[in-house]
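Open your viewer and get ready to click through a few selections. We will go one stop at a time, and each stop says what to pick and what you will find there.

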Amino acid sequence: MGKKHKSRPDDRARVVDAGHSGGKVKKKKANGATMKASRRKGGGASANGDGRPYDPTRTLSKPAPPPPSYTPSVPTGAYITPEHDEYDACVARSYVGFRVDPPRVLPDELHAEVAAAFKTMAKRGLFTRDVLAAGKTVSPTFVSRTLVGERGMTYHYQKLRIFASPWSDEDTPEGSPLRVVRKLNDAMKARSRALLTRHGDPRVGDVTGSCEFNVTLINLMEPERKESVALKDEGQFGMGKASVSWHSDSSLRDTSTVAVYHQTSGGIDGDDTSWHVALKCLDGVTPALRVPLRSHSAYYMMRDFNLHHHHAVLNGDTRRFSSTHRVAVTARDTFDYVKARCERALAVLPSLKWRAGKWPRGRKPPRDANEPLSNAVRTLGETHREVEFQWIRMFWLQGTRHASAHDGYWTRRIEELTQAWDVMELGLRFAMDACARAADGKAKAEPRAFEMLRYLLETIAELREEHDARAQSGAYAQVPEDCRPVDRPAFDDKSPLPRNLRPVLNTLESHRRRALDR
Ligand SMILES: O=C(O)CCC(=O)C(=O)O
């Protein structure tokens with residue numbers, strides 16, 4: 001199980017029995033005894049009799065109440081650290097689900113492989129600042145990041161979709177650092193399962209939630225002196241500079257665990273504890289926590305922790321990588337999902353072509369030729385909008401460096417989606433032509449079809465305007481030129497519809513009036 005390491009402040013956090021919610025704290029020696037017990041039992045039962053069988057499919061039907069607040073017996077400052085006498089009691093009561101693992105929980109060989117993989121990925125320029133949007137504010141992250149995960153996965157946060165470099169064998173050459181990331185992910189899964197099994201939480205009964213991590217967002221952080229962008233103060237508790245400010249993670253499967261593996265340049269035997277994770281309850285009563293992290297340690301936020309707590313990362317003195325393993329939602333976030341959606345939308349093209357009067361003479365009309373026009377317009381238009389704004393524009397918003405970094409898997413798929421989008425543009429053009437024919441009395445179109453088409457074209461026009469404003473934001477001056485937005489999908493004179501849809505909307509309105517007057 002790797003080398004022995006001296007017990008440090010972060011080891012203390014691990015020995016807190018999170019299964020207790022009443023503030024009574026039982027301490028165990030930080031000697032790995034609990035890990036061994038788990039292996040003997042195959043990870044399926046508790047070492048302390050408190051275990052629940054791990055079932056990733058079972059979640060809470062409604063949110064559980066937050067854990068109880070903790071009021072220190074003697075007044076403390078706004079936050080406490082593991083050195084504080086009441087730290088363990090406070091974690092057990094109000095931060096149930098938070099655990100810290102010391103480095104020795106993972107084998108030294110894995111630590112070393114991961115260190116080499118992160119270094120290679122950094123050298124290859126895979127880490128970039130994400131430029132995020134919140135309301136009308138656009139700003140780059142302080143940290144550089146990259147997403148790695150199952151093939152076809154994406155992750156959506158703060159109005160940005162990021163695309164996972166696949167870690168699968170079929171998409172990576174032997175020796176790829178991405179395969180090492182998958183190995184780390186497997187280790188984090190195994191460890192999270194063991195912790196979930198061993199450390200129950202009475203608030204949620206036997207719900208363990210999932211730790212079947214499908215992506216990891218890996219952060220690269222520099223000490224403040226090396227940052228090109230000024231860091232902000234943590235702001236609420238006087239904890240110092242934050243590299244990642246207070247937040248809870250979004251787009252995660254309900255009740256799922258987040259596991260964070262942390263490495264700094266000091267190496268496994270180093271003394272560096274300059275980086276801290278900060279945690280707070282949302283009750284305004286319980287003291288916040290400021291927890292030092294030793295290089296090669298990991299921390300876990302289990303089950304619904306993310307729902308009732310926020311976390312932040314406090315800047316340290318060294319270069320830091322953190323790999324944040326997550327169970328990201330998949331309903332609308334995978335390539336397979338969007339591809340299937342495109343296929344369904346493209347199936348309405350023949351009926352639109354027929355309604356537009358472009359159907360080849362003598363050929364049998366399509367099967368759905370007499371379906372209401374509004375249905376076809378809706379199916380096509382909603383998919384067009386999603387593909388353009390959630391996929392193609394999101395991909396190119398992140399620049400040409402991003403496109404080169406994703407050359408193996410995503411560029412081909414984005415190209416595929418762009419071809420489907422081109423056909424959908426043609427479909428919208430057919431819908432316009434069908435409305436023109438109705439205005440001329442050459443065909444019938446129900447009033448709802450005009451309304452549906454107007455609604456969809458208007459939202460597309462608005463979203464393009466919003467996208468342009470975002471792409472022109474001064475925030476992009478803070479990132480390298482090849483990380484700035486590229487305007488895709490492209491339009492030219494032969495495009496079925498122009499990029500600016502305002503004149504098209506005026507034409508549609510005049511078709512509608514003429515059709516109504518008939
Ligand atoms: O690096 C960490 O410890 C956590 C980072 C984090 O909160 C995030 O990436 O959302």
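## Stop 1: a methionine in a helix

Select methionine 452, which is found in helix 12. Helices here are DSSP runs of H or I with at least four residues, strands are runs of E with at least two, and both are numbered from the N terminus. Before going on, note that this is a predicted model, where local features need pLDDT of at least 70, side-chain atom pairs count only at pLDDT 80 or more, and totals for chains, interfaces and linings use all residues. Residues are numbered from 1 along each chain as its sequence is written.

Is methionine 452 buried or exposed? Methionine 452 counts as buried because it has 21 C-beta neighbours inside 10 Å. (Buried means 20 or more other C-beta atoms within 10 Å of a residue's own, exposed means 12 or fewer, and partly exposed is in between; C-beta atoms are placed from the backbone.)

Contact means that the C-beta atoms of two residues, placed from the backbone, lie within 7 Å. Leucine 373 is 79 residues from methionine 452 in sequence, yet 9.3 Å away in space, C-alpha to C-alpha.

## Stop 2: two helices side by side

Next, show helix 12 (residues 447–471) with helix 13 (residues 502–517): they pack at an angle of about 170°, with their axes 10 Å apart. Axes are lines fitted to C-alpha atoms, for helices over the stretch in contact, and angles run from 0 to 180 degrees between N-to-C directions. Helix 12 and helix 13 are therefore roughly antiparallel, a label for angles over 145 degrees. Residues making the contact include Phe450 and Leu453 of helix 12 and Val504 and Leu505 of helix 13.

## Stop 3: around the ligand

Select Leu217, Asn219, Val244, Asp249, Val260, Val277, His311, Val313, Ser322 and Thr324, the residues around the ligand. Each has its C-beta atom, placed from the backbone, within 6 Å of the ligand. Strand 8 (215–221), strand 15 (309–314) and strand 16 (320–326) each supply at least two residues of this shell.

## Stop 4: two domains

Finally, colour domain 1 (9–326) and domain 2 (335–517), whose bounds come from an automatic or database domain assignment. Their centres, taken over C-alpha atoms, are 41 Å apart. The contact takes 18 residues from domain 1 and 19 residues from domain 2. On the domain 1 side, strand 3 gives the most, with 4 residues.

Conventions. Angles under 35 degrees count as roughly parallel, over 145 as roughly antiparallel, 65 to 115 as roughly perpendicular and the rest as oblique.
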